[in-house]
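I opened the model today to look up a few places in the fold. My notes follow in the order I took them.

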Amino acid sequence: MEMDSLPNGNHATGTPITATANPAPPPPSNLPQLTDSLKLEHQFLRVPFEHYKKTLRANHRAVEKEMSAVISGVNEAADLSPDDAVNHLNSLVSRLQGLKRKLEEGSRVEHLQAHKCRVRLDHLESADAENMSEWSNTRLKRILVDYMLRMSYYDTAVKLAESSNLQDLVDIDVFQEAKKVIDALQNQDVAPALAWCADNKSRLKKSKSKLEFQLRLQEFIELVRADNNLRAITYARKYLAPWATTHMKELQRVTATLAFKKDTECATYKVLFEAKQWDFLVDQFKQEFCKLYGMTLEPLLNIYLQAGLSALKTPYCYEDDCTKEDPLSQEAFRTLALPLPYSKQHHSKLVCYITKELMDTENPPQVLPNGYVYSTKALEEMAKKNNGRIICPRTGLVYNDTELVKAYIS
């Protein structure tokens, strides 16, 4: 707005003075809620980053191994005849070409995983108050895909990820790696699991994992089960003996099966031949796999649900007359909430058993002679329908409306 005159009434001779109104206050922000929400996204970034590091380490090991072999081969060529040296060097060239192809493939995988990390960072940075609804919907789909993958619904998870364009926001490739090992263990084959342990040996050693030892024990047990004692002893000397310093008691127990055999009735050794040992190995692998990639042991869906249920759980939720509107009236939610503590309620709320409405000063509670409490509104409607009689819905006892006693909320 231009000011045509100065405060003393004289006209301005210079540049007109422009007055600007105070800027409007910014709209209320959901930043605190958004920040709390992002705190739960640790796994979202950790998994692709760990996968990226694993690929880098694997490529580095491959280069070191091949280059060491090539350098050693070049030194050996110096002692060969010219023709043999040429053939030997040609074989080394072929080996280097194979290494080049491996590195090209490794580089492609590295770039793919780096791209996935970038996409996930961009996704988190895009979360703001304006698009919170859309962002939350995407997160819900991510959580559902995570749950399906953990529950072995791989095809359904892939279809949901593809239909919602979430391929870079979910970890299908990581879980498919685990699926191969899990399927093999369920078919009583430890080879893929042992190969996985070899690929991640340094990380597993750092975390003091016993998975490889447990797998070796099971392979020993299978040799004993097949009555192949000589092979079992040879196997124990080669693969189990190195663990003796740290796991002697378990080693002694397992090697004793050479004497007790598979049909023993001794409970200490009989359990080692039971099929549930394979289920134990599957669970053990899942734990180590999640730990390696920084994943939660529980599905994210369970964690989010438990976070909500922890605010709703009260002793009343486990009673037979728990209202159907309460999620904890359903058995699945009750099971999920079982390990959770009861919610700390600072202010109790009285809800009418009949109408499910809040009882307060506008709709005060009324006490029947049998001690049960209902809202005034519910009892007045019941009295109108029954000529002044009140029928307790829990006991079936009949009272007159004059027998009601008003309760006061303090």
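**Entry 1: a strand pair.** I started at strand β3, residues 365–367, which is joined to β7 by 2 bridges, the two running antiparallel. Within this pairing I found V367 opposite V405 of β7. I note that this is a predicted model, not an experimental one.

**Entry 2: the sheet around it.** Which order do the strands of the sheet take? I read β4-β3-β7, an open sheet of 3 strands with antiparallel pairing. The edges are β4 (373–375) and β7 (405–406); each has a single partner strand, so one side of each has no neighbour in the sheet. As a reminder to myself, strands of a sheet pair through backbone hydrogen bonds, either parallel or antiparallel.

**Entry 3: the helix on the sheet.** I then looked for what lies across β3 and β4, and found helix α17, residues 376–385. Helix α17 runs at about 85° to β4.

**Entry 4: Y399.** I moved on to strand β6, residues 398–400, where Y399 sits. Is Y399 buried or exposed? I put Y399 down as buried, because its relative accessibility is 12% and the cut-off for buried is under 20%. Apart from neighbours within four places in sequence, Y399 is in contact with L368, P369, N370, G388, R389 and I390. I also checked Y399 against A383: they are 16 residues apart in sequence, and their C-alpha atoms are 9.7 Å apart.

**Entry 5: Q218.** I looked up Q218 in helix α9, which spans residues 211–225. With a relative accessible area of 5%, Q218 is buried. Setting aside residues up to four places away in sequence, I listed R225, Q277, W278 and L281 as what Q218 touches.

**Entry 6: a nonpolar patch.** Which residues make the nonpolar surface patch of about 240 Å²? I found M67, I71 and L96. M67 belongs to helix α2, residues 42–77. I recorded M67 as partly exposed, at 33% relative accessible area.

**Entry 7: the whole chain.** The protein chain holds 17 helices and 7 strands. Of its 410 residues, 35% are buried. The accessible surface of the chain comes to about 26100 Å², and 55% of that belongs to carbon and sulfur atoms. For contacts between residues at least 6 apart in sequence, I noted that 58% join residues at least 24 apart.

Conventions
Residues numbered from 1 in each chain as written. Predicted model: local features only at pLDDT ≥ 70, side-chain atom pairs only at ≥ 80, totals over all residues. Heavy atoms only, no water. Patch = residues over 30% accessible without salt bridge, like charges linked within 9 Å, V, L, I, M, F, W, Y side chains within 5 Å. Areas by Shrake-Rupley, 256 points an atom, 1.4 Å probe, with all protein chains shown as cover. Salt bridge = Lys/Arg side-chain N within 4 Å of Asp/Glu carboxyl O. Helix = DSSP H or I, 4+ residues; strand = E, 2+ residues; numbered from the N terminus. Buried < 20%, exposed > 50% of the residue type's maximum accessible area, 1.4 Å probe, protein only. Contact = heavy atoms within 4.5 Å. Pairing = 2+ DSSP bridges. Axes fitted to C-alpha atoms, helices over the stretch in contact; angles between N-to-C directions.
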